[in-house]
Amino acid sequence: MRIRIVDAFTDRPFTGNPAGVLLLDLDAFPDDAWLQNVALEVNHAETAFAHRLPEGGDADWALRWFTPATEVAMCGHATLATAHVLHTTGAHQGPVRFATLSGILIATPHENGSLTLDFPTAPLTPVAVPDGVAAALGAEPLTAFDTGVNIGDLVIEVADEKTVRGLAPDHKALARYSTRGIIATARAEDPSRGYDFVSRCFFPNVGIDEDPVTGSAHTALAPYWSERLGRPDLTGLQASPRSGLVHTELRGDRTLLSGRAVTVIEGELHA
């Protein structure tokens, strides 16, 4: 079968977040051990596996995501990458409905080449800043919010964009504070640069010290910053070394995430 590496939330190769994508010519997923081994071999933050579903149902394709260490309940960039492959190869036309562990997720293509994902908005619950998290993160938190079971992160706002960009956390120490990891964020220093807030995402509990661009994290960042900035439409910059932009639109219990993707590698899987 064909296997592809797609850079998501970017329009340039070698930036954004790379994902493996396999469109399976099967009517069910192979066993979990095989899926996990392929994801470990690909060794990117996530590898997406999808197979076509019968016509007339609630969804068009079944979709699962694996990090090199485990399966995850939600992944934005690998969903964007999968939709990009479906549309650029002609495997699917128009909006595509994915059946996932997080329910039905819809990806809509646009004439300009971008795609919009319709994801559930993460429920934000304010929590006390855990003891020790400041030392592990390397910065003093201003606030902390739990993001619920689908995301499994702790959102932490820090003083400013410079602080976010300068973080050098103790990844092992961060692992104790949430199910997946920590989202560190701050308001943009200069919104005229084309983004409203910045973030970085550290996910040691799923084998990812720092994720380059995290769509799922923006289902929590969108409501967080929309409330503070007073606008439903925002753009987030994930300030990882690879970097990428995620355009967000808050629609109550749904969040729209928009971006582009680029296929960088295409090959044949023999295993």
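Me: In which strand does Thr185 lie?
Reply: This is a predicted model, where local features need pLDDT of at least 70, side-chain atom pairs count only at pLDDT 80 or more, and totals for chains, interfaces and linings use all residues. Residues are numbered from 1 along each chain as its sequence is written, and side-chain values use heavy atoms, with hydrogens and water left out. Strands (E, at least two residues) and helices (H or I, at least four) are DSSP runs, numbered from the N terminus. Residues 181–187 form the strand that holds Thr185, namely S12.

Me: Is Thr185 buried or exposed?
Reply: Buried means under 20% relative accessible area, exposed over 50%, and partly exposed in between (1.4 Å probe, protein chains only). Thr185 has a relative accessible area of 0%, so Thr185 is buried.

Me: Which backbone oxygen does the side chain of Thr185 reach?
Reply: Contact means heavy atoms within 4.5 Å. Leaving aside residues up to four places away in sequence, Thr185 touches several residues, including Phe197, Val198, Leu221, Tyr224 and Trp225. At 2.7 Å, its side chain reaches the backbone oxygen of Val198.

Me: How many of the twelve residues of helix H6 are buried?
Reply: H6 spans residues 218–229 and is mostly covered. Among its buried residues are Leu221, Tyr224 and Trp225, and Thr185 touches each of these. The buried count for H6 is nine.

Me: Which residue follows H6?
Reply: The phi of this residue is positive, near 75 degrees. The residue is Gly230.

Me: How many salt bridges does a search of the whole structure find?
Reply: Side chains of opposite charge can pair when their charged atoms come close. A salt bridge is a side-chain nitrogen of Lys or Arg within 4 Å of a carboxyl oxygen of Asp or Glu. The search finds 14.

Me: How many residues apart in sequence are the parts that Arg2 and Glu268 tie together?
Reply: Arg2 forms a salt bridge with Glu268, with the closest N and O atoms 4.0 Å apart. Arg2 lies in strand S1 (residues 2–8) and Glu268 in strand S18 (residues 261–268), so the pair ties together parts that are apart in sequence by 266 residues.

Me: Which residue meets Glu249 in a salt bridge?
Reply: Glu249 is partly exposed, at 26% relative accessible area. The N to O distance is 3.0 Å, and the partner is Arg251.

Conventions
A polar contact is a pair of N or O atoms within 3.5 Å; within protein, one must be able to donate a hydrogen and the other to accept it, and residues adjacent in sequence count only if both atoms are side-chain atoms.
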